[in-house]
Amino acid sequence: MGNLPSSTFCLDNYAGKPKEACGVFGLYSRTLAGELAQRAYFGLYALQHRGQESAGIAISDGDRTVALRDMGLVSQVFDERRLAALEGGHIALGHVRYSTTGSASWENAQPEFHGRGDVNVAVAHNGNLVNAGALRRELEAEGFEFESTSDTAAIAACAVGELEKGYSDAVGEALKETMRRLKGAYSVAMIFRDKLVAFRDHHGFRPLCIGEIEGGYAVSSETCGLDIIGARFLRDVEPGEVVVINDAGLKSYQVESPRRALCVFEYVYFARPDSRFDGEEVADARQKMGEMLAEEALAEADVVIPVPDSGIMAAVGYSRRSGIPFAEGLIKNRYVGRTFIQPTDGMRQLGLRLKLNPLPSVIAGKRVVVIDDSIVRGNTARKLVRLLFEAGAMEVHFRVSSPPITGPCYYGIDMDTKNQLVGANYTVEEIREQIGATTLAYLSVEGMTKATEQPKSSLCRACFDGEYPIPGSAAKFALEGVIPAGFPEATSGAQAKR
Ligand code: SF4
């Protein structure tokens, strides 16, 4: 399969949601050597929600690493024949991608290879460097050349530069030095010679966990990637930790971590509900968000319906706390994804209906509370409210199980500019008017935080409260030297300037 044609239409756009950057997966096991590619495939299959633009798997026997990567979903990129071509190693690396830095093209698909002399690495990365441009210029001055425009190449080159120096405890120490040069969000899995290496940025913005499996270990962006291959969850990779896995087992190295800052949006929307962070199921946190929302913004209504799938858990919580019956009033086409059929303009108008269809028997003549996890631009919410009124709803009370998004994200989520965000530019009442709801209410920042059962100090909530753990800039495309129209100038102090 080649690059997706430019006419490819992604129905996921109609979700109106920010896009997660990527999912990473790694596996080290000599016992499972014959089926490593299949296990990696299923690991990526479980992480598909984290990126739908491209997928790739690299396999290594410690001497030779081969990779297959292409544009499309995991199931589109790989089949039995392609997986069979990846047999023969005991280290696997996998990646699903949605681009935040670098455009969506085959060259930016991962795992990426980078090397100089006899030092070669294969890298899979989730996150976004805030110093990617400056770092790349430094690395070019050090003699590195770049073929891809993603910031992953800068991470890989940086690692190669340090590995070349040959530390006594080579890989762990080299990666610690690498991490001292990287600023931003990165959860990385990497193959270097006979080792699988995983490391996570100083704040731990994006998740990364370790599991134990027959004859070795697995690393995955989320625990659902471990569950699907039968790996037993061991622990999270800590912020600022480097984990090196080889035949000798697992060894850990640690750099300083100023504070944890796991992205709270992982709880709200990005992560799969069956994944766990710090022992808590994401589904449980989402139910609690719904309960808090009912406490903070109770509506007088006849039925609570979720926007599937991400609003389901919060709607269950809202219903439980409010006593208003829960029902599925919107039916999602679960097989919608990328289609190669270009819709006509008339079809585009249908928009949301391609993905969601209302059930009049649940909605007609009712006062409806509809629960969604977030409102980004407001277009989808407006279409949704119209859809519900057209299906006969008497009142539509829109409830959002997260606070208004008031700032961009610099750490790997596709929300680069403030002017895209309805919550940054309008009051709640103005948004209610725009989307046409009877009432509108959001969960408070405090309520959302409480639902995660994490202290405020261990979460990033920057796009909700403006407290950026590290300054950032609108980085997508920055490495290509192309800043699209509408992008603000890069900032050096996001909090102060926005
Ligand atoms: S700014 Fe928002 S989306 Fe980005 S890492 Fe922080 S909480 Fe997550």
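Let's start at the ligand: around it sit Phe-205, Cys-263, Val-264, Phe-265, Cys-409, Tyr-411, Ile-413, Cys-460, Arg-461, Ala-462 and Cys-463. Two elements, helix H8 (264-270) and helix H17 (462-465), each give two or more residues to this shell. Sorted by class, the shell holds 10 nonpolar residues, no polar ones and one charged one. Keep in mind throughout that you're looking at a predicted model.

From there, move over to the sheet. Seven strands make it up, in the order E4-E3-E5-E2-E11-E10-E12, and the sheet is open with antiparallel pairing. At the edges you'll find strand E4 (65-71) and strand E12 (232-236); each has a single partner strand, so one side of each has no neighbour in the sheet. Going from one strand to the next, the twist averages 15°. For a closer look at one pairing, take strand E10 (residues 209-213) and strand E11 (residues 216-220): they run antiparallel and are joined by five bridges. Within that pair, Glu-212 stands opposite Tyr-217 in E11.

Now for some helix packing. Helix H4 (residues 132-141) and helix H5 (residues 151-163) have axes that come within 10 Å and cross at roughly 45°. That angle makes H4 oblique to H5. As for handedness, the crossing of H4 and H5 is left-handed.

Asp-372 belongs to strand E22 (residues 367-372). Is Asp-372 buried or exposed? There are 23 other C-beta atoms within 10 Å of Asp-372, and a residue counts as buried at 20 or more, so Asp-372 is buried. Its C-alpha atom is separated by 9.7 Å from that of Tyr-269, although Asp-372 and Tyr-269 are 103 residues apart along the chain.

Leu-354 has 16 C-beta neighbours inside 10 Å, so it counts as partly exposed.

Which peptide bond is cis, with omega near -5°? That would be the one from Pro-308 to Asp-309. You'll find Asp-309 in the loop between strand E18 (303-306) and helix H10 (312-322).

Then come the positive phi values. Asp-278 has a phi of about 50°, which is positive although the residue is not a glycine. Its place is in the loop between strand E16 (276-277) and strand E17 (280-281). With 13 other C-beta atoms within 10 Å, Asp-278 is partly exposed.

Glu-453 also has a positive phi, near 60°, and is likewise a residue other than glycine. Look for Glu-453 in the loop between helix H16 (445-452) and strand E25 (459-460). Glu-453 has 14 other C-beta atoms within 10 Å, so it is partly exposed.

Technical notes:
Residues numbered from 1 in each chain as written. Predicted model: local features only at pLDDT ≥ 70, side-chain atom pairs only at ≥ 80, totals over all residues. Near = placed C-beta within 6 Å. Helix = DSSP H or I, 4+ residues; strand = E, 2+ residues; numbered from the N terminus. Nonpolar A, V, L, I, M, F, W, Y, C, P; charged D, E, K, R; others polar. Buried ≥ 20, exposed ≤ 12 C-beta atoms within 10 Å, placed from the backbone. Pairing = 2+ DSSP bridges. Axes fitted to C-alpha atoms, helices over the stretch in contact; angles between N-to-C directions. Parallel < 35°, antiparallel > 145°, perpendicular 65-115°, else oblique. Left-handed = near helix turned anticlockwise from the far one by under 90°.
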